[in-house]
Amino acid sequence: MIFHGRRRYFRPGKGVLLASVGMALVAGVATSASAQSYSAATTCASLASVALPVSSSITVAQTVSGGSFVNPDGSGTETGLPTFCRVSGFAAPTSDSHIGWEVWLPVSGWVGRYMQMGNGGLNGVMRYSYLGNSLQSNNVAAGTDGGHQSASNTDATFAMGHPEKVTDLGYRALPVTHDIAMALINAFYGLAPQHSYFVGCSDGGREGLQMAQRYPTYFDGILAGDPVNYISHMQVAGIRLGQNMSAVGGFVSSAKLAAIQAAALASCPSAQLDPTDRTVVIDPRQCSFDPGVLLCSGTETSSCLTSAEVTTVKGITQGTYNPVTGGLIFPGFFATNAAASTGWGPQWIIGATPLAGGQFGNAYGMMGNAFYSNVAWDYTRFDLNSGTASYDASAVAAVMNAINPNLSAFKAHGGKLIFYHGWEDAATSPLNTINYYNSVVRNNASTADGQVLDIAIGNPEYNSSTNPYAVPALQSVVANSALSARAKMLAAQAAQAAYARSLATTQQFAKLYMVPGMDHCSGGPGAQSFAEVRGKGELVTALENWVESGTAPDRVVISKHASNSSTGAVLYTRPLCVYPKMQHYIGSGDATSANNWVCQ
């Protein structure tokens, strides 16, 4: 089992320790798959008077002719759409709620699927393009703005003095939108969906996990990409980054990112570099990048780092730790795509000035507005020990975090969950998703296997009562130097077998795909055709087949398109592999073809 913090973890396959529930109408219960399609049983205009299960006003109920739709917010035009009934409005489950929602229903040719699309960032805007993508597949598509309206999905000012709006963003807008959509679907077609899906990435991935954890009967299938599910700790790490970047000499300019990336790639074993594009790292955990190798020995240049800059980069790559307990707060990021426009800068980690990066800005804004109620709070005085504990105990963390590893109710419902995460993500650590997934694996272990895994993990950063990914704090027999080599080997073998059994149980309903060379949700040098059009792609198809036909996904072949565009030429194909397996070139044959790659 891999719990990523400092490099002391058990690696599957290696065998060593390395250093609500309401009426059936809103339940979305799946029935058998069907190729049948359905048409409207009433007019679109009549939906304006449908009684909704949540206090809500319907502002639009109109038929949109097939072809194109001009987004009301000026964000663009959706094309290639069937004729559909657009219904939108605002819901108010509390007196301080104002949840914007949209439901798009095909007038004819509906395939019986409901697909709710996740949002991103701090929401505040409607993702019309996501709705259009799903509608093109003749699904009923729905989405929400998360309960507030803003010109930017990074604007946290809505949260000041409005805890109910924070709760709406945290999770409540999601079931509200679902329940409204179910009522409209039943009224429009005279029947409920055969299958219900949730698809999202980034905050949308977190939203999908919220639904699996809090409303486990609402969706039959959930696709959760690059989930920012550990909001409180991710934001604490963002504040720590700001402290390092604003320290004397600690700011790392974008001019040094090329040298950082080159050194990181140079630290990777040759077999971990894709032979078709050697900037794509198959599994960056196998690299051994130490920012100290770039320490300037003389005059500072863009090819070296000062001592203070080394400290900053180490904080980025090694993660954020509690200085009192030594416990991991949030894992680090890989530097193997740091210099890319979708890598470390300028959007996420490294901005034009010390505090201009998105990680710090998003954390400072949300914590100031939602937690401290002070937009000018002094981040330099934030204490990683007491401050983190206070934030974790706050109402903000309670509604925003989606870290409960117990998905037994979702499993019992028959739900299927696919995670994915780009290894080069610079917005939220891919290691955090692995850590969360392994906590789900641990939760699915038998009592005996759970005890073995608890002993084998033995990582101080996870053996903490305050860490929701933790397991009971037991001595690591594998790491105990007093044990003989044979005893350690036997302990490792027992843990390996326990993990394999627990993983197999988990993979009956939840699988994880790690994506080489992909940044946050998309972008980067790697193959990522499944992520080019939100609401479509190979993983959406795999999820639908799993739910509707019982065909569990395994190896999924995807493409690398020119410019990462769905209309671009295919440059090569690769298999996506179910974690903990990763893709490997067999060493002969055309390296551009997935046929010559295996998952192991």
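Here is a quick look at the salt bridges in this structure. Keep in mind that the model is predicted. A search of the whole structure turns up 11 salt bridges, and the notes below walk through a few of them, including where the partners sit and how buried they are.

**Arg 172 and Glu 164**
- The side chains of Arg 172 and Glu 164 pair up in a salt bridge, at 2.7 Å from N to O.
- Arg 172 counts as buried because its relative accessible area is 16%, which falls under the 20% cut-off.
- Glu 164 has a relative accessible area of 31%, so this residue is partly exposed.

**Lys 256 and Glu 309**
- Lys 256 makes a salt bridge with Glu 309, and their closest N and O atoms are 2.6 Å apart.
- Lys 256 sits in the loop between helix H4 (231-246) and helix H5 (257-266), while Glu 309 belongs to helix H6 (residues 307-318), so the pair ties together parts that are 53 residues apart in sequence.
- Both Lys 256 and Glu 309 are buried.

**Asp 274 and Arg 574**
- Asp 274 and Arg 574 meet through their side chains in another salt bridge, with an N to O distance of 2.8 Å.
- This pair links distant parts of the chain, 300 residues apart: Asp 274 is in the loop between H5 and H6, and Arg 574 is in strand S17 (residues 570-576).
- Asp 274 is buried, and Arg 574 is buried too.

Definitions and conventions: Residues numbered from 1 in each chain as written. Predicted model: local features only at pLDDT ≥ 70, side-chain atom pairs only at ≥ 80, totals over all residues. Heavy atoms only, no water. Salt bridge = Lys/Arg side-chain N within 4 Å of Asp/Glu carboxyl O. Buried < 20%, exposed > 50% of the residue type's maximum accessible area, 1.4 Å probe, protein only. Helix = DSSP H or I, 4+ residues; strand = E, 2+ residues; numbered from the N terminus.
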